[in-house]
Amino acid sequence: MGKDTIADIITSIRNADMNRKGTVRIASTNITESIVKILLQEGFIENARKHQERNKSFLVLTLRHKRNWKGPYQNTLNFKRVSRPGLRIYSNYQRIPRILGGMGVVILSTSRGVITDREARLEGIGGEILCYIW
């Protein structure tokens, strides 16, 4: 785990998905819990539960996989980290990008918490673009 917790959880989920793992364990912080809640709402993961071990909290995520998968690997989850500690990317609500014509999700950190692009457009607020998911 490095200093960029969002990139760490994205990498952990991506690696578990590529290796066809059923579950992945990530560190629990306020921002990771908010992102995981969005992933659950949008249907990218099946389940998330909080687990505590030696005074440290973890989130155990159950990933969504195709059953009886044969053949070459195909991504079911695609993530792209946009804003990072060395380069923050901000956008107003009118310029929030649409991923795959609205099929993907943009996760933003706003003054009202971590929300999706649809919620930000409805509320008319912008913020820091954390990542894209499709």
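**Notebook: charged pairs**

I searched the whole structure, a predicted model, and got seven salt bridges. I noted three of them below, one entry each.

**Entry: arginine 25**
I looked up glutamate 53 and found a salt bridge to arginine 25, with the closest N and O atoms 3.5 Å apart. Glutamate 53 belongs to strand 2 (residues 45-53) and arginine 25 to strand 1 (residues 23-27), so this pair ties together parts that are 28 residues apart in sequence. Then I checked how open the two are. Glutamate 53 is partly exposed at 32% relative accessible area, and arginine 25 is partly exposed too, at 44%. What else does arginine 25 lie over? I found the face of phenylalanine 58 there, with 3.9 Å to the ring centre.

**Entry: lysine 50**
Next I picked lysine 50, whose side chain meets that of glutamate 33 in a salt bridge at 2.8 Å, N to O. This one links distant parts of the chain: lysine 50 is in strand 2 and glutamate 33 in helix 2 (residues 30-42), 17 residues apart. I have lysine 50 down as exposed, at 52%, while glutamate 33 is partly exposed, at 29%.

**Entry: glutamate 128**
I also found glutamate 128 in a salt bridge with arginine 88, closest N and O atoms 3.0 Å apart. Glutamate 128 is in strand 8 (residues 127-133), and arginine 88 is in the loop between strand 4 (79-81) and strand 5 (90-91), 40 residues away in the chain. Is glutamate 128 buried or exposed? I got buried, with a relative accessible area of 11%.

**Entry: rings**
Last, I looked for aromatic pairs and found zero in the structure.

Notes:
Residues are numbered from 1 along each chain as its sequence is written. This is a predicted model: local features need pLDDT of at least 70, side-chain atom pairs count only at pLDDT 80 or more; totals for chains, interfaces and linings use all residues. Side-chain values use heavy atoms; hydrogens and water are left out. Rings of Phe, Tyr and Trp (its six-membered ring) pair if their centres lie within 6.5 Å; planes under 30 degrees apart count as stacked, over 60 as edge-to-face and the rest as tilted. A charge sits over a ring if NZ of Lys or CZ of Arg is within 6 Å of the ring centre and within 35 degrees of the ring normal. A salt bridge is a side-chain nitrogen of Lys or Arg within 4 Å of a carboxyl oxygen of Asp or Glu. Helices (H or I, at least four residues) and strands (E, at least two) are DSSP runs, numbered from the N terminus. Buried means under 20% relative accessible area, exposed over 50%, partly exposed in between (1.4 Å probe, protein chains only).
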